[in-house]
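Here's a quick look at charged side chains and how they pair up. Have the sequence and the 3D view handy as you read.

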Amino acid sequence: MQFYLDGYEPGDPLVHHPHPSVLERGAGLPETADVVVIGSGPAGLVLAAQLAEFPELRTVVVDRRDGPLAVGQADGVACRTVEVFEAFGLADRLISEGYQVNEVTFWSPDPLDGSSIVRTGRIDDVEEGISEMPHMIVNQARMLAYLREHMARSATRAEPFYGLQATDVRVDPDPGAEYPVTVTLAHVEGGEPTGRTSTIRARYAVGCDGARSSTRQSIGLCLRGDATHQSWGVMDVLAVTDFPDIRLKSAISSEQGSLLIIPREGGYLVRLYIELDNERDAQMLRERSVTPEKLEAVANRILHPYRIEVKDVGWWTVYEIAQRLCDRFDDAGDDERLPRVFIAGDACHTHSAKAGQGMNVSMADAWNLGWKLGTVLRGTSRPEILRTYSAERQAVAQRLIEFDREFAALFSNREAEPEKFQRYFREQGRYTAGVAVRYGPSVLVGEPAHQYLAEGFPVGMRLHSAPVVRLADAKPMHLGHVARADGAWRLHAFADRAHPAAATSRLRALCDELPGLLARFTPPGAAPDSVIDVRAVLQQGHRDVSVADLPPVLLPHKGRFGLVDYEKVFCPRPGQDLFDLRGIDRDRGCLVVVRPDQYVAQVLPLDAHAELADLLAGALVER
């Protein structure tokens, strides 16, 4: 990370100076805001954390609970989500505290004794090389705490307002209204309305308020789909057992039902997903008399000949699998007008918990929307890009529903061969890791006409990071980790074979053109990399080239002292050359244009200056 740009100061560099507007604000609920975020779950807080990177904006987060979530329901953190947390500077903490999922075991009925189970398979949880980040298990409440602390350290000093439940969200049809969205809030204590209400007017509102979303209802949307009539019990427990794989993720299918074991952080805690049979467990399901003790009994029925003795229960619940989805995720409908109200997370898609996708997809919804709202409100992005949120994320949610239906059916199908489920699990690994999402062509994603220049960076997919060495200080690092959640586009220029100081260098020719392009889209007085951040990756080793050989655009002067940013240029890491790893054309090089949410918008030749300008002009505001 970088700091001291505007002068040396002692203390924690992660704590930013408060924005001047923060000092002018009162402590209470304001009358107006740029964005109202309804709900402080995973989607709501990722959205709020992203908007906290725009300190000039006023973001208000409201939640009906009395305070922060103490015990979370979701716990699986996909590789892609850890990559996102890296952009917020939170990945190291998440990884150090969580349980890392390395392998998965599969258990099925013993062919010699169907009443007992035996291990039938053991595989890597995540395919080698699909991400530099691991699959983690961390309590949802802890992840939300990381995000709140990030917000509190930001220049906005943002924190949620608790005890406020959105009951209505209205949009003024007048296109000239400064604050066209009115959110009505009921004051709540201990889960019960007090009779008091407040209203807040906003430019935009986002409902991250769960499956019973009042925001969704207010804008006339509904979840469509069906329940599967399959019920599962979930428990976080401290237990003593003779089951040998209790500290490995384990999928168990026996003649008595199905069980998923997820080890938790801390070395002792474990989560049990326990299938409840509609016949054998019908009475307690019908009478709603499920207890942790009864769930323990079902788990032991499935685990035979092994036993588990629960000593303490941290959290438990029973849920019925239902796959439901909204047709769209904003209030615009088919109108020409731009959307003003959005929904994210469980407010627009619900499914089972076993594949570990709910929290991860919800957070991805929020990041997709967050940078778009932030840059539109800042005035650097065109408002039309807001239409892409629903188009991009609804398609992802549709795929999630289809996957969840297949996964849940296979998991509970005791007639299927064990190898079939293991094969499906392995084949779907990129999807469950969160790295299979691909956005189609739009104002934010170009046609992959030049994909041959960088086969390993597919247009529309997230930038697959690779090892590099930073030129200026010889630091080994990952290229993807230069991206912060700051709303900036990134131009990764992969050099041709020529030395960067040579007159024949295609990279140098591009760099000579870029200052004019940056000026075209960067507001006066803003940092030169605040809208478009230019980076370069050379083919020479880091000892074979000097910063003195670099063109000025790769050594930008920043801050009130005009200090030089030396962290824009990288070289291949010996033995892990990313030109080979990502299939980059060494003779011609290429330019990889990356959106603020790390998705590849386009791959272009280094001399495609007009194509680059046209792509950016479709998304950014010209000065």
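## Salt bridges, pair by pair

Let's start with one glutamate: E97 has a relative accessibility of 27%, so E97 counts as partly exposed. Keep in mind that this is a predicted model. The partner of E97 is R142, and their side chains form a salt bridge with N and O 2.7 Å apart. This pair connects distant parts of the chain, since E97 sits in helix α4 (residues 91-97) and R142 in helix α5 (residues 140-153), 45 residues apart. R142 is partly exposed too, at 29% relative accessibility.

Zooming out, a search through the whole structure turns up 45 salt bridges. Three of them, including the one above, are listed here.

| E97 | R142 | 2.7 Å |

What does the E567 and R470 pair tie together? E567 is in the loop between β24 (563-564) and β25 (569-572), while R470 belongs to strand β19 (residues 467-470), so the bridge joins parts 97 residues apart in sequence. E567 is partly exposed at 23% relative accessible area, whereas R470, at 9%, is buried because the cut-off for buried is under 20%.

D580 is exposed, with 54% relative accessible area, but R586 is buried at 18%.

There's a network as well: salt bridges with shared partners join D486, R490, D529, D533, R535, K558, D565 and K568.

Key: Residues numbered from 1 in each chain as written. Predicted model: local features only at pLDDT ≥ 70, side-chain atom pairs only at ≥ 80, totals over all residues. Heavy atoms only, no water. Salt bridge = Lys/Arg side-chain N within 4 Å of Asp/Glu carboxyl O. Helix = DSSP H or I, 4+ residues; strand = E, 2+ residues; numbered from the N terminus. Buried < 20%, exposed > 50% of the residue type's maximum accessible area, 1.4 Å probe, protein only.
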